[in-house]
Amino acid sequence: MTAFNPATFRNDFPALAQSGVYLDSAATALKPQPVIDAISQYYTAETGNVHRSQYAHAQQVTARFEQVRCTVAALLNADDPRCIVWTRGTTEAINLVAQSYARPRLQPGDEIIVSEAEHHANLIPWLMVAQQTGARIVKLPIGVDAQPDLEALADLITPRTRLLALSQMSNVTGGQPDLAKAIALAHQAGAVVMIDGAQGIVHGAPDVQALDIDFYAFSGHKLFGPTGIGVLYGKADLLESMPPWHGGGKMMSAVSFDGFTPQAIPQRFEAGTPAIAEVLGLGAALTWMQGYDWRAAEHYGQGLAQLAEQQLARFPCFRSLRSPNATILSFTLSDVHPNDLATLLAEQQIAVRAGHHCAQPLFAALGLDGAVRASFAPYNNEHDVTALVTAVGNALDLLRD
Ligand code: PMP
């Protein structure tokens, strides 16, 4: 493992050679060269489908494709690579659980607890399945720290609670609820837990066995890998109890006009040609990450977000939504619409995101229309912080003229 050196770390990212300051890594991370190379290598020298053909390229690529499944299983400390299902991303993984696990089981009056801090990807699939089954969505409110209030959770759980949907890390505040506590409470009531790891995985992969996680989802593109590939982890007995949700090639062991027999897990959930280059790219991202002291990199990113928060606080109208130690800094400036600020920052080549960040219920609870989010990664530096703060100052001068 190489010690983390911010200056040389940046060299891995060709996109940084372009002008501008990238502070939108919570939306999607920049890609290191080994990821780009793995994708390019597949298309230039190794193209072949997986799990279908006898020729050498196809056999080799199948082995490498399945090896990445083992790498992801090891990352999450899953005891069996069959528990790792490829999806297009976190969104698709949660929809898979909603439609294939929850929909066949839920009865009218059953309850799904969803935290108020969730991204829409971990709310709308549950609203949809509630509509389909007559189940009820129960809101787990946020507390004063804008985190899901786990003290309230114990009171919300009833004998009808079937599922708890919670994210490992908020994409707005960067806050991380106590997963162990939430999972233990849900399990005491016999409910299963869906953890949205889209943001959290970047800051530390969970040990799914130690935490006793039932379902966990993440997206490759936030973890320095390609778009179009995501992961659903599920406990083997849960996945085995679920019917396929997409039909097509390679998800069945036999088919006739009378019906079909589903494949074993995980292939049962992977109908059609998968995102082969993207899986290989994700594998390259994970191997590349293993080369660095990630704890040091994470600490460095937190320091940058904290510095930016301290420096922006000199603007009297500044309000930070950042949880302690987060690399995500969402903020508002009173009387300034977040979209206006983001546009003025974009004109100064600062890439941030503005709006409700696909978390409308959270913003409603905070009494805000939206926020600007600057998200820091280990490839950012103090120059980026200075550029952001200067650009916000310029924007305010312009708006107040
Ligand atoms: N959950 C959270 C917390 C997220 O930040 C995101 C991405 N914005 C998602 C879910 C959805 O991820 P994807 O769009 O990659 O499916």
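Visitor: How far from an oxygen atom of the ligand does the polar side-chain atom of Ser-219 lie?
Guide: In this predicted model, a polar side-chain atom of Ser-219 is 2.7 Å from an oxygen atom of the ligand.

Visitor: And how much of the ligand's accessible area does the protein cover?
Guide: The ligand has 400 Å² of accessible area on its own, and the protein covers 86% of that.

Visitor: What does Asp-196 do by way of a polar side-chain atom and the ligand?
Guide: A polar side-chain atom of Asp-196 lies 2.5 Å from a nitrogen atom of the ligand. Thr-90 contributes through its backbone: an N or O atom there lies 3.4 Å from a ligand oxygen atom.

Visitor: Which residues surround the ligand?
Guide: Among them are Thr-90, Thr-91, His-119, Asn-171, Gln-199, His-221 and Lys-222. Ala-121, Ala-198, Asp-196 and Ser-219 also belong to the surroundings of the ligand.

Visitor: How does that shell divide into nonpolar, polar and charged residues?
Guide: Two residues of the shell are nonpolar, seven are polar and two are charged.

Visitor: What kind of peptide bond joins Ile-265 and Pro-266?
Guide: That bond is cis, with omega about 0 degrees. Pro-266 is placed in the loop between strand E10 (259-262) and H10.

Visitor: Since H10 has come up, how do the axes of H3 and H10 cross?
Guide: The axes of H3 (residues 56-76) and H10 (residues 276-290) come within 9 Å and cross at roughly 50 degrees. The two helices are therefore oblique to each other. The crossing of H3 and H10 is left-handed.

Visitor: And at what angle do H11 and H14 pack?
Guide: H11 (residues 294-312) and H14 (residues 382-400) pack at about 25 degrees, their axes 10 Å apart. Angles under 35 degrees count as roughly parallel, so H11 is roughly parallel to H14.

Visitor: Is the crossing of H11 and H14 left-handed or right-handed?
Guide: H11 and H14 make a right-handed crossing.

Methods
Residues numbered from 1 in each chain as written. Predicted model: local features only at pLDDT ≥ 70, side-chain atom pairs only at ≥ 80, totals over all residues. Heavy atoms only, no water. Near = heavy atom within 4 Å. Polar contact = N/O pair within 3.5 Å; in protein donor to acceptor, adjacent residues only side chain to side chain. Areas by Shrake-Rupley, 256 points an atom, 1.4 Å probe, with all protein chains shown as cover. Nonpolar A, V, L, I, M, F, W, Y, C, P; charged D, E, K, R; others polar. Axes fitted to C-alpha atoms, helices over the stretch in contact; angles between N-to-C directions. Helix = DSSP H or I, 4+ residues; strand = E, 2+ residues; numbered from the N terminus. Parallel < 35°, antiparallel > 145°, perpendicular 65-115°, else oblique. Left-handed = near helix turned anticlockwise from the far one by under 90°.
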